[in-house]
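Colleague: I am new to this structure and would like a close look at a single part of it. Please take me through the surroundings of the ligand and the elements that connect with them.

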Amino acid sequence: MTYSFLRLAAEALRGNAGWTPAWRDPEPKRQYDVLVVGGGGHGLATAYYLAREHGISNVAVLEKGWIGSGNAGRNTTIIRSNYLLPGNEAFYEHSMQLWEGLEQDLNYNAMVSQRGVLNLFSTDAARDAAARRGNGMRLHGVDAELLDAAQVRAMHPYLDFDNARFPIKGGLLQRRGGTARHDAVVWGFARAADRRGVDILQNCEVTGITISNGRVTGVDTTRGPIGANKVGLVVAGHSSRLAAMAGLRLPIESHVLQAFVSEAIKPLIDGVVTFGAEHLYISQSDKGGLVFGGDIDGYNSYAQRGNLPVVEAVMEACMAMLPMLGRLRVVRSWGGIMDMSMDGSPIIDRAPIDGLYLNTGWCYGGFKATPASGWCFAHTIAKDAPHRLNAAMRLDRFATGALIDERGAGPTPNKH
Ligand SMILES: Cc1cc2nc3c(=O)[nH]c(=O)nc-3n(C[C@H](O)[C@H](O)[C@H](O)COP(=O)(O)OP(=O)(O)OC[C@H]3O[C@@H](n4cnc5c(N)ncnc54)[C@H](O)[C@@H]3O)c2cc1C
């Protein structure tokens, strides 16, 4: 069924009796060409682009819970391509371009909203770093504008410009950045993949990876064994656990990242604003709640709930940037498990076992990458080789030293 205004009008007239489920709920087949483990945004996008770009539709996405129950449905929905390093910038800009046509491509309203992403700075050194990043982006053909304090004040007059510790001196703006509704992205990719023949198997946890003569032959699941020629692992914070099933140890740590939503208020913040002096990013949802977050929790965990020290740090940053938020109530908070890599950049690569492929290391920046991650991972699986756009995102860079250290923080996940 194609969604359109005419369809909407017709269904309104006949009592909405004609809508069909957005995707099927099939039984697992015994054998697939490709199994994608993980029904987050990246896994579903991988399946979609395998079918659309490479004609490989004998594919199943295996999800242990329900699709979107992981980080895909827990993030703060920010999309942008304001990266600096050559191994990253072209990839994230490709993602931004895919976002720009995504809703037409998927025939699904993912509420992509290019409302602008503004990164504030409070020191001269931070201004220099922002100018350098902006110049790097422009050299790659990506939009970037360096704003002074007066220009920021005209856009966001409610910020605390004269904060004694963190005076706002300006910001780096990417107007094409913004937000997208995270669970609608998941549903859109699921529906579009299903329409091309992909099986989406929910409540299907992978419990083992079968390997014969050095080659992957399938997986064991809570719904029985499933055979496959190729298996792609796209399980975010659970990457190390899945890789261990194949005898691999990854350069990944799992940490909780929390997010918060305030009670709904009248329209106040019409873009995304981030505050680098402390660590804070904030936007306002279409329902009116302020959506915000900060750093990861300091220690490793698989628990999808956060801890109080980070709550305190995030609220402090809120008070420094927007003191009026002190009068608002937080109505919800939650956590997701981040796959923190040792240089802060992702891995999209073949594993050192034939037929096994890895997609991980997104840290807390993987939502914006969803379309390009699926696009590049599909290419890597289909062609058995990386695309130019993910050529630098190799697993062996941690052995060769060809790191993509975007934040210059080195192997310190809590600093990325
Ligand atoms: C609070 C928070 C805020 C964030 N904010 C942003 C942001 O503003 N912008 C941004 O770009 N990024 C953000 N991120 C990061 C982004 O959400 C992730 O990097 C991205 O969603 C990860 O890819 P995914 O969607 O495929 O992961 P997930 O949705 O986590 O998908 C992985 C799936 O694998 C499944 N799985 C795990 N183990 C198994 C198994 N054994 N068998 C079968 N299935 C399994 C899980 O259930 C899960 O559904 C944020 C993350 C969090 C938690």
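From which domains does the shell around the ligand draw at least three residues each?

Modeller: Please keep in mind that this is a predicted model. The shell around the ligand draws at least three residues from each of domain 1 (30-78 + 84-94 + 96-106 + 182-252 + 343-415) and domain 2 (113-176 + 253-341), and these are the two domains into which the protein is divided. Their centres, taken over C-alpha atoms, are separated by 27 Å, and the contact between them takes 31 residues from domain 1 and 29 residues from domain 2. On the side of domain 1 that touches domain 2, helix H3 (86-106) and helix H7 (239-245) each supply at least two residues, with H3 giving the most, namely four residues. By class, that side of domain 1 has 13 nonpolar, 14 polar and four charged residues.

Turning to the ligand itself, there are 38 residues around it, of which Gly-40, Gly-70, Asn-75, Gly-336 and Gly-366 come nearest. The shell divides into 14 nonpolar, 19 polar and five charged residues, and helix H2 (41-54) and strand E12 each supply at least two of its residues.

H2 has 14 residues and reaches 19 Å from its first C-alpha to its last, close to the 20 Å expected at 1.5 Å a residue. This helix is mostly covered, since 11 of its 14 residues are buried, among them Gly-41, His-42, Tyr-48 and Tyr-49. The buried residues of H2 pack against strands E1 (31-37), E2 (59-62), E11 (226-233) and E18 (356-360), and also against helices H6 (182-195) and H9 (370-383). Just after H2, Gly-55 takes a positive phi of about 65 degrees.

H8 (residues 308-321) has 14 residues and reaches 20 Å from its first C-alpha to its last, close to the 20 Å expected. Its buried residues are Val-310, Val-314, Ala-317, Cys-318 and Met-321, and, seen down the axis of H8, the buried residues fall within an arc of 105 degrees, so they line one face of the helix. The general rule is that an α-helix has 3.6 residues a turn, so residues three or four places apart point the same way. The face of H8 turned away from its buried side carries the exposed residues Leu-308, Pro-309 and Glu-312.

Notes. Residues are numbered from 1 along each chain as its sequence is written. This is a predicted model: local features need pLDDT of at least 70, side-chain atom pairs count only at pLDDT 80 or more; totals for chains, interfaces and linings use all residues. The expected span of a helix is 1.5 Å times one less than its number of residues. A residue is buried if 20 or more other C-beta atoms lie within 10 Å of its own, exposed if 12 or fewer, and partly exposed in between; C-beta atoms are placed from the backbone. The arc is that of the directions from the helix axis to the C-beta atoms. A residue is near a molecule or strand if its C-beta atom, placed from the backbone, lies within 6 Å of it. Ala, Val, Leu, Ile, Met, Phe, Trp, Tyr, Cys and Pro count as nonpolar, Asp, Glu, Lys and Arg as charged, and the others, Gly among them, as polar. Domain bounds come from an automatic or database domain assignment. Two residues are in contact if their C-beta atoms, placed from the backbone, lie within 7 Å.
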